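Please view the sequence and the structure together before reading on.

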Amino acid sequence: MLILTLPPTTNHTYHHHGHTVYMTKEAKDWQRDAVWLLKAHKGENPTSVSITYYLKRERDVDGSHKIILDAMTKAGVMVDDKLITDVDFHKRWNKINPR
């Protein structure tokens, strides 16, 4: 198990400029920190991933999976996130320590 901070929401992860889509600085910073933590799991190549979000208030988390799986790929935890066959996610409430 690995505990990461909450990734930025989808609206704060990607921005558009004309026809170009780019990752925001906030998202790049989150991904850099996540990759550093995930490197300890390099080469595990999971086929299923379980993600639990601990939130302090209601939030749409369905778009957050992409940046998490991309960070796992970038850290070398898996070769490619397209090899994941099952993603299981849960939302829990923790107003004191959201993550």
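Predicted model: local features only at pLDDT ≥ 70, side-chain atom pairs only at ≥ 80, totals over all residues.

W36 is placed in helix α2 and counts as exposed, with 65% relative accessibility.

## Confidence of the model

The protein has a mean pLDDT of 90, and 100% of its residues reach 70 or more. Among its elements, helix α2 (residues 25-38) has the highest mean pLDDT, at 94. The lowest mean value, 88, belongs to helix α1 (residues 10-13).

## Aromatic rings

The structure contains 1 aromatic pair. How are the rings of Y53 and F89 arranged? Their centres are 6.4 Å apart and their planes stand at 75°, so the pair is edge-to-face; the angle required for that class is over 60 degrees. Because Y53 belongs to strand β3 (residues 48-55) and F89 to strand β4 (residues 86-93), the pair ties together parts that are 36 residues apart in sequence.

The two partners may also be described by their accessibility. Y53 is buried, with a relative accessible area of 2%, whereas F89 is partly exposed at 36%. Another ring, that of Y54, has the charged end of R99 over it, 4.1 Å from the ring centre.

## Salt bridges

Side chains of opposite charge can pair when their charged atoms come close. A search of the whole structure finds 5 salt bridges. One of them joins E58 and K91, whose closest N and O atoms are 2.8 Å apart. This pair links distant parts of the chain, 33 residues apart: E58 lies in the loop between β3 and α3 (64-74), and K91 in strand β4. E58 counts as exposed at 59% relative accessibility, while K91 is partly exposed at 28%.

K66 is partly exposed, with a relative accessible area of 46%. Elsewhere, salt bridges that share partners join K25, D29, R32 and D33 into one network. Within this network, R32 and D33 form a salt bridge whose closest N and O atoms are 3.1 Å apart. R32 is exposed, with a relative accessible area of 51%, and D33 is partly exposed, with 41%.

Terms used. Residues numbered from 1 in each chain as written. Heavy atoms only, no water. pLDDT = per-residue confidence, 0-100. Helix = DSSP H or I, 4+ residues; strand = E, 2+ residues; numbered from the N terminus. Phe/Tyr/Trp six-rings, centres within 6.5 Å; stacked < 30°, edge-to-face > 60°. Buried < 20%, exposed > 50% of the residue type's maximum accessible area, 1.4 Å probe, protein only. Lys NZ or Arg CZ within 6 Å of the ring centre and 35° of its normal. Salt bridge = Lys/Arg side-chain N within 4 Å of Asp/Glu carboxyl O.
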